Amino acid sequence: VKVLPGILDLVAGNVTLADIKEVQVEDLLGRDKVEIDYAAIREFLNRKRVLITGAGGSIGSELARTVLQFEPRSTALLDVDETELFTLMNRFRGASSEVFPVMADIRDRAKMDSVFAAFRPEIVLHSAAYKHVPVLESYPEEAVKTNVLGTKNLGELAQKYGVERFVYISTDKAVNPTSVMGATKRMAELVLQGLAAQSPGTTFCMVRFGNVLGSSGSVVPLFRKQIRYGGPVTVTHPEITRYFMTIPEAALLVIQ
């Protein structure tokens, strides 16, 4: 199965049959691309100090790429994985604003305190999390340490250091959660809502993602592999509904 150019483009000579392309997952969204208010995003980010947690992940790295387009004053990219940080620094070498790699674990309260004290972020985009559903069923205590207690550390430090806006990347699995992953992400939401009720100084926002196409943990690569090998394509439950978006859409919508 291939994607053909539009017939009017063919007739007008704008494209040729050489422009036939492979089907991409984005072609199957079944909806128009989301319109983004770039002016509002620029006003939000321009000349600000931004901290991104989980910056080495598929979502965090796209957030970093997106943020840097809007010329913040500086951006701290925090991750516990040194290889991902090394990759990020090579990727963003020569960026127009300052980029700082930070190797730290959000579970480590003292280390995170020192990061906030040194960097004094005005905006925090918190995407660090454990999110692979089957793995976390076997290790619920690790999910709690990172997803709940790690988020609590960051939220409390955001208040302590006067962060203007704290954006938490949650999940649709936090709605009536039936998994450890969903339950811990919901717990983290409640923690941040509790902090927001205590102090009006920091604005806490939460964004629930659906299935982000091409991200780490997305079901689509698994489906592709199953189809390539002739099936079967397995689903968690025949009645399940999945909500899909692309990685760039997800990153821009978080910031908007």
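This is a predicted model: local features need pLDDT of at least 70, side-chain atom pairs count only at pLDDT 80 or more; totals for chains, interfaces and linings use all residues.
**Stop 1: the main core**

Start inside. Select Leu45, Ile52, Leu63, Leu77, Leu125 and Ile255. These residues have the most contacts inside the largest nonpolar core, which has 31 residues. Now colour the elements that give two or more residues to this core: helix H2 (38-45), strand S3 (49-53), helix H3 (58-69), helix H4 (82-91), strand S6 (123-126), strand S7 (165-171) and helix H10 (247-255). Which element gives the largest share of this core? H10 does, with 6 residues.

Stay here and centre on Leu77. Leave out its neighbours within four places in sequence. Leu77 is then in contact with Ile52, Ala55, Ala64, Leu85, Leu88, Phe92, Val99, Phe100, Pro101 and Val102.

Next, select Ile106, Met112, Val124 and Phe204. They are among the 23 residues of a second, separate core.

**Stop 2: aromatic pairs**

The whole structure has 4 aromatic pairs. Two are worth a look.

Select Phe100 and Phe119. Their rings form an edge-to-face pair, 5.9 Å centre to centre with 70° between the planes. The angle is over 60°, so the pair counts as edge-to-face. Phe100 lies in strand S5 (residues 98-103) and Phe119 in helix H5 (residues 109-119), so the pair ties together parts 19 residues apart in sequence. Phe100 is partly exposed, with a relative accessible area of 33%. Phe119 is buried at 12%.

Now select Phe116 and Tyr161. This pair is tilted: 6.2 Å centre to centre, 35° between the planes. Phe116 is in helix H5, while Tyr161 sits in the loop between helix H7 (140-160) and S7, so this pair ties together parts 45 residues apart in sequence. Are these two residues buried or exposed? Phe116 is buried, at 0% relative accessibility. Tyr161 also counts as buried, at 14%.

**Stop 3: salt bridges**

Switch to charged side chains. The structure holds 11 salt bridges.

Begin in helix H3 with Arg65 and Glu62. Their side chains meet in a salt bridge, 2.5 Å from N to O. The two residues are 3 apart in the helix, about one helical turn. Arg65 is partly exposed at 30% relative accessibility, whereas Glu62 is buried at 9%.

Move to helix H7. Glu142 and Lys145 form a salt bridge, with the closest N and O atoms 3.2 Å apart. They too are 3 residues apart, about one turn of the helix. Glu142 is partly exposed at 23%, and Lys145 is partly exposed at 35%.

Go on to helix H8 (residues 180-198) and select Arg186. Arg186 forms a salt bridge with Glu189, the closest N and O atoms being 2.8 Å apart. These residues are also 3 apart within H8, about one turn. Arg186 is partly exposed, with a relative accessible area of 26%. Glu189 is buried at 2%. Salt bridges that share partners join Arg107, Glu142 and Lys145 into one network.

Return to Arg186 and show what is around it. Leaving aside neighbours within four places in sequence, Arg186 is in contact with Ala174, Pro177, Gln193 and Arg208.

**Stop 4: backbone details**

Which residues does a cis peptide bond join? Select Gly231 and Pro232: omega of their bond is about 5°. Pro232 lies in the loop between H9 and strand S10 (244-246).

Two residues other than glycine have a positive phi. Arg47, in the loop between H2 and S3, has a phi of about 65°. Arg47 is partly exposed at 45% relative accessibility. Glu71, in the loop between H3 and strand S4 (74-79), has a phi near 55°. Glu71 is partly exposed at 38%.

**Stop 5: a surface patch**

Finish outside. Select Ile227, Val233, Val235 and Ile240. They form a nonpolar patch on the surface, with about 350 Å² of accessible area together. Ile227 belongs to helix H9 (residues 220-228). Ile227 counts as exposed because its relative accessibility is 57%, over the 50% cut-off.

How values were computed:
Residues are numbered from 1 along each chain as its sequence is written. Side-chain values use heavy atoms; hydrogens and water are left out. A nonpolar core is a set of buried Ala, Val, Leu, Ile, Met, Phe, Trp, Tyr and Cys residues joined through side-chain atoms within 4.5 Å. Buried means under 20% relative accessible area, exposed over 50%, partly exposed in between (1.4 Å probe, protein chains only). Helices (H or I, at least four residues) and strands (E, at least two) are DSSP runs, numbered from the N terminus. Contact means heavy atoms within 4.5 Å. Patches are made of residues with over 30% relative accessible area and no salt bridge: like charges are joined within 9 Å, nonpolar side chains (Val, Leu, Ile, Met, Phe, Trp, Tyr) within 5 Å. Accessible areas come from the Shrake-Rupley method with a 1.4 Å probe; for residues, only the protein chains shown count as cover. A salt bridge is a side-chain nitrogen of Lys or Arg within 4 Å of a carboxyl oxygen of Asp or Glu. Rings of Phe, Tyr and Trp (its six-membered ring) pair if their centres lie within 6.5 Å; planes under 30 degrees apart count as stacked, over 60 as edge-to-face and the rest as tilted.
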